[in-house]
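Here is a quick tour of some aromatic rings and a helix pairing. Have the model open as you read.

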Amino acid sequence: MGTSLKMVINLLIGNAMAAFAEGMALGEGLGISREVLFDSLLGMPAVAPFLAGKREKIERGNYDPEFPLRWMQKDLHLASVSAYESDVALPVTNVTKEVYRLAMREGHATEDFSAIYDYLSTNFSNGAEMIAPNSRKSRLAKNSLA
């Protein structure tokens with residue numbers, strides 16, 4: 001039961017961090033400063049209390065690992081597999097674990113899982129478009145550069 005409970009807790013933490021990072025990226029994209037976003041959002045009932053502890057990492061861009069992103073992705077994957085085996089749907093977690101996987105591919109695997117903010121704000125802001133490395137669009141872009 002302890003292992004199962006840990007899986008549920010990490011699912012909630014991983015999803016909350018990704019949702020917060022996405023909200024921050026949107027706020028910044030709308031022209032709200034990161035400082036105003038932190039000051040306004042942290043402490044709100046809709047924001048998990050543990051996220052206040054990630055503020056300094058995000059502000060400094062220093063993602064020394066407390067809990068590496070690759071381990072969070074692994075735990076989300078295990079939750080997804082367990083849910084499948086238990087006939088439980090986890091649509092939000094399945095998408096979130098893939099976002100963490102993409103962040104791993106971009107070099108964030110050994111950083112703290114709060115580096116999901118850096119991945120989302122870098123890859124999906126200011127008109128940036130994420131292209132899967134092996135997609136048709138990516139191959140076309142590579143060919144046009146050659």
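F67 is partly exposed because its relative accessibility is 21%; the cut-offs are under 20% relative accessible area for buried, over 50% for exposed and partly exposed in between (1.4 Å probe, protein chains only). W71, at 42%, is partly exposed, while F113 is buried with 4%.

This is a predicted model, where local features need pLDDT of at least 70, side-chain atom pairs count only at pLDDT 80 or more, and totals for chains, interfaces and linings use all residues. Residues are numbered from 1 along each chain as its sequence is written, and side-chain values use heavy atoms, with hydrogens and water left out.

## How the rings meet

Rings of Phe, Tyr and Trp (its six-membered ring) pair if their centres lie within 6.5 Å, with planes under 30 degrees apart called stacked, over 60 edge-to-face and the rest tilted. That gives 4 aromatic pairs. F67 and W71 sit edge-to-face, 6.1 Å centre to centre with 75 degrees between the planes. F67 and F113 are also an edge-to-face pair, at 6.0 Å and 90 degrees. F67 is in the loop between α3 and α4 and F113 in the loop between α5 and α6, so this pair ties together parts 46 residues apart in sequence. Ring pairs link F50, F67, W71 and F113 into a cluster.

## S121 in its helix

S121 belongs to helix α6, residues 116–123 (helices are DSSP runs of H or I, at least four residues, numbered from the N terminus). S121 is buried, at 14% relative accessibility.

Technical notes
Helices (H or I, at least four residues) and strands (E, at least two) are DSSP runs, numbered from the N terminus.
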